[in-house]
Structure formats: structure tokens, C-alpha cells
Amino acid sequence: MINIGKHKKKAVQANGEKPEGQAIVLPIYMADRGLEFLIDLVKQIRPSSPQKKEEAELKFRSLLYQLQHDRSAIVSLRSAIRSQFMKSNLLPALSESGLISTRGFVQELTRKLKHKLLPELQERSDFRYVISRVFFKPTDHIWVAAIDTELWKKFFRLLRVHINMNDQDLLAQLRDALQVLSYRVSALGLEKEVARYFRDNREGTMPFLEQNKLVGSFLSVPQDDLQTGRLILYNIQEQLYNCKQSILWLRDQRMYHGTSLAQTFLSVRIMQMVERMLVITDVLDRDNQLDEDRFIEYFVTVITNENKKNSLKEFLSDNLGMVAYQISEHKGKKGEKYITTNADEFRQLLNSAIGGGFIVSFVAITKNLIGKLPFAPFWMGFSYSLNYSAGFILMDQTHTTLATKQPAYTASAVASSLDSKKQKGQPDLRNLAITVGNISRSQIASFAGNLMVVFPLTYLLVWLLGEYGGYRIATGDQALALLEAQHPTHSFALLYACFTGVFLFLSGLISGYVENHVTYGQLNERLRQHPILSHSMSPKKLNRLVELVNTYSGAFTGSLALGFFLGMSASVGKIFGIPFDIRHITISAGNTAIGYYGLEQPVTLGYMVVVVLGVLGIGFLNFFVSFSLAFFVALKSRGIRLREYPELIGIIWRYFLAHPRDFVLPPKRQRKPEDLR
């Protein structure tokens, strides 16, 4: 076999001489050893670590050198590959490998779960069996994809000279795969989740039907009539491109109509099958003008698919990505109102946060009063949840602001400015830096507005209750316990603050999901046409109901969810005996005021400073965790990788050094990208 193990450090000598090591030739007549030959060959190319791109390329260059200069090596390799092509059934690899099956989302997810535990049995005649045996390591696709495309082109050019595209068995399998995929694409294109958006535009569904008609025409043309066959294949490719455009248009409509798992599942399947059909038609035209880039992409894709065929992460990422995109879009639109760009907007947000702090003061006092009741842990948590939810919903109705609800929305607004699906070319990173500055001072305004009211107002209310009502909510050890609960080193306050950040993120996600569902499910029209509501309510009242659902459903659900997340967490911790609770900056500030008023023995100034710093730390972690998770989901759903923009951090840092005040207070005039250097 080809021995390249001795050339890890030097693929080709400087003087152009053949590297050390001789190829072990596999005679052509020993086709039964072809699979063993390929396994050993890939084993010698495989780098010690899949991330070592240089090592993989070095070994691959050594292989190319031997194939170019050792005829016995190329003959053996061609023989091994030809033997696997001739013995294997290519139809499953062409029509199934890497393509989502006809099952629904849940059924496909269940299948992958089962096969992850106990892999499915593959027939030895299945070409996928060959791929899975040759590239048997689950990380092989990493180094295969990392090798320069030009090197793969050289490799396949060496082989293509002797791969006979006129072989009748190979052509028959290619034609069968094209026919199978064509029927599937046409059927999926007429599914309700796709076709309903083309009711007013039949041109959107026509490509799905036309490509199937053309495939039927191609299969009826004699194989020796190459000119007619190529003409029909050209028309098939044109219709396949039209199918792609229809799906891309459908995806764009999610901005206005929302999306669902079913629709996303179908669109992903169609795009996969269309891409596969383009590869097959490119081979079937037999014009010796193979689209090398597409062929290599398919080659890498097949290996990747076999390595990841039971990967839950990839499956969920592909199918949940666009739903997450639409959810984050709704959050991004709402997040725009939390981003101030001038002094007037800054004052409005500050006033809104002051109103939110006013409501939180009563929520904090009510929560501590509920804690005095002799409830079981579950009912105590349920009561806390109702209190929190009522406060959050009241904030939504009065258009006041809770600082910690902002990050989940503003993160999506930031990610949308990097959205490659919306913008042409490189995004304006300087404008993004200005957006980061806007968010920084907006968040500070919200925290300041909440805190400048919560502590003094809560203290005033408990003082009034104590002086004129004769009742103290917490005294002595209870009051000290409230302060200790916010202490960063005497309690798990900072850990619990991280839990709260997760809940804040989840509530924002739920809010976006509900808004998406209202849009996609056309709840407005369904309510207007409801057989009972339309006859029992006047048009004015019904329209008011529809408007309420359309405007407040997402916010209401998100606030309700956040209330129950925060309210039930302590009860869950008690029921299971684990350190699980929440720390929310505004509630913690209120509890600090209640505890400080109820102290019977004064504490040191240093102790109170640490407690106050703990409250601020809680706020920072609430913000950081919630923003980070929301930003990650928003980027992931858009297919954006921050490493593609390494200069972003430098631009933001230079902006901060040049205009540090912008990150805290609004500038006298709105910044423009050209202001940053």
C-alpha cells in the first residue's frame, strides 16, 4: 500500500526528488481487497488531531506526489475505488445520505436518539457502508473539510481520467436517484406548509412540478442521444434553481408571517434534495465538465453526514435555527425601544425605569409579607409567582421598565445588525460599536432608574408600616438574614444571580415564541372568524380583543413565565434539598432596605458597603448571563460567527477611549460611523 507515514515533516524534497518510502501496489485483479486498501490509505493520511490542518495537508501533498510519480500507486488506488463503485449500491448514498427522512420532526428526533444508543445495521452493498468504514472516526469530516479545495481538485483530476461515466450500472443508479429525489421534491413543494404562501403566486410552486416533468422527459430519452439529454438536464437545473428561489422567498416571509417547526423542517429537506439533484444532473450530462467545487462539497458532505448521521446537535441546529431566528427577530424589534440614541430617549427610558422601580418596591414588600404565611413549599412558591407575575404584567401595561428584562431583547437587536441574511457585504462595524455604546448607557439608565427608587421607597414604606402600623416585616435575625442573603461571600447570591439570568433569557425566548406563533398561526383572523365570538361580541369589542392579543400576548406570556420562574425556584430548592434560588437586583435592593430597617443591632459601614456591592454584582450577573445567552442564540440562528469579525473588539475599545462618556450618558449630538476612526 501507499506508505506516507515517513513524510510527516517533509512532503517533497527541495530538489524535487521523490520522497522516501515506496508505494505498496495493490494489483488490479485483487478487487476484493479494495476496501482494506482505502481504510489503510486514509489511516495514513489522518492527522494525529482533527484540528491539525497543516499535518493533514502535508500528508495529503505527499500522497499526491506519489500518485503523480508512481504509476503503480495510481493504478492501485483507481482499482480500489472502482471496485467499491462496482460492488456497491450508490442509490442510498445519493438519495438518503445527509437528507432528512420523510418522518416528521419528532419522529426523526426519536430515530436519532435510538440509533445514537444502538446504530442501525447497514448492508455491505450500501455505499454508505464503505464511507463509514473508511472514514470511521466521528471527527474525520473536520480534517477532510480543512484540506485545501485545490488539493482535492488535483486528487480527483488524477482519478477522473479513469472513472468511466459511461458505465451503465453507474448511470442507472444516478438516474434512479434523480427520479426518486424529483418525486420527493415535487411532493414536498405541494405540502400545505409551503404551498399556502403561493396561493396568489402560482409561479412559486410551478418549479416543483416542472422539474418533475422534465426529469420524466429526460429518463425517456435514449441514453445515446446526448445532445437532447443535456438540453433537458440544463432545463432541469434551471427549474431546480427556481425551486431554491421559491424556498428562499418563503424563508423571507417569516418576517411577516412567522414560521414553525413543520415549515422549517420542510424547507430544510427541500433545499437538501435540490442541492443533491444539482450534483447528480451535473454528473449525468457526461460533458466532462464536472463542477469540481460542487462535487468536492458533496464529497465532504457525504463524509460529514456519515460522521454526524445520529448527531442530535446538528439536527436540532438545522431545524430549530430558523425558528430561533424568527423568535429573536421579534425580540430584536422590541429591543429597539430599549436602545436610546439621544438625550430625549435617555430621559424617557430613565423615567420609565423609575416607574418600574416604584412597582418593584410593592412587589418586594408583598413577597416578604407572603413569606410570613404558613404555606407548604409548593403553595408558597405559587404565591410568590403570582406576586411577581402581577408586578411584571403591571409594568407591561403601564409601559414602565424592568432593567433586567432588557438584555434578552437588546442582544437580538445587536445581532441583527450583523445579520448576513439582511445585509449585502461586510456589515458596518463602526455603526455596531455605536449601537453597543447606546445599549451600555441605556442599560445603565434602566438600572439607575430602578435602584434610585427601589431602595428609598421600600425603606420609606416599611418605615411607615412600622411607625404608623406598628408592624415590622423583619426584625433581629430575620432582618440580618435578608442582608446576608445579598452578601457576595456569605451566601450563594452570585450563583443565584446567574440562575436568574437564565430565567430572564428563557422568559424573553418564550415571549418571542408566542409572538411568532400569533403571527404564523394567524390568530387575529381566526379570532375574527370564530363562530362563537363573531356572533356573541360586537365588531368593536372583537377588534379590541384581537388588538389586545396581537399587542400583549407575547409580553403577557413572557412576564407570566418570568414570574413563575422566579417564584418557584426557592420552593424547588427546598423540595429537592439543593442550593437553588434566585437573586434579582431590584428584589434584592428591596430586601436590603427591609433588612436594614429591621436591624436591632447596627452593622458596620464596611459590611453594608459589601452588601451593596453584592446587590450591584447581582445586577451585573443578571445582565451578563441573560445578554450572553440571548446574543449567542441570535448569532447562532443567523449563522453568524464572531470570529469572522476580529476587528470588532478593537473598534469598540477605540470608541470607548475616544468617547467614554457615550457609554454612560447621551452625547450632545448623535454619533455617526464616520466619527469613529
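## Salt bridges and a surface patch

Asp 581 and Arg 583 pair up in a salt bridge, with their closest N and O atoms 3.5 Å apart. Keep in mind that this is a predicted model. Arg 583 sits in the loop between helix 25 and helix 26. Is Arg 583 buried or exposed? With a relative accessible area of 12%, Arg 583 is buried, because buried means under 20%.

A polar atom of its side chain lies 2.8 Å from the backbone oxygen of Ala 485. Leaving out residues up to four places away in sequence, Arg 583 touches several others, including Tyr 496, Thr 500, Ile 618 and Asn 622.

How many salt bridges does the structure hold? There are 8, and here are some of them:

| Pair | Closest N to O |
|---|---|
| Asp 581 and Arg 583 | 3.5 Å |
| Glu 210 and Lys 213 | 3.8 Å |

Glu 150 and Lys 153 are 3 residues apart in helix 8, about one turn of the helix. Here Lys 153 is buried at 11% relative accessible area, while Glu 150 is partly exposed at 40%. In helix 11, Lys 213 and Glu 210 are also 3 residues apart; Lys 213 is exposed at 53% and Glu 210 partly exposed at 25%.

Now for the surface. Leu 373, Phe 375, Phe 378, Trp 379, Ile 575, Phe 576 and Ile 578 make up a nonpolar patch with about 750 Å² of accessible area together. Helix 18 and helix 25 each give two or more residues to the patch. Ile 578 is in the loop between helix 25 and helix 26, and is partly exposed at 44% relative accessible area.

Key
Residues are numbered from 1 along each chain as its sequence is written. This is a predicted model: local features need pLDDT of at least 70, side-chain atom pairs count only at pLDDT 80 or more; totals for chains, interfaces and linings use all residues. Side-chain values use heavy atoms; hydrogens and water are left out. Patches are made of residues with over 30% relative accessible area and no salt bridge: like charges are joined within 9 Å, nonpolar side chains (Val, Leu, Ile, Met, Phe, Trp, Tyr) within 5 Å. Accessible areas come from the Shrake-Rupley method with a 1.4 Å probe; for residues, only the protein chains shown count as cover. A salt bridge is a side-chain nitrogen of Lys or Arg within 4 Å of a carboxyl oxygen of Asp or Glu. Helices (H or I, at least four residues) and strands (E, at least two) are DSSP runs, numbered from the N terminus. Buried means under 20% relative accessible area, exposed over 50%, partly exposed in between (1.4 Å probe, protein chains only). A polar contact is a pair of N or O atoms within 3.5 Å; within protein, one must be able to donate a hydrogen and the other to accept it, and residues adjacent in sequence count only if both atoms are side-chain atoms. Contact means heavy atoms within 4.5 Å.
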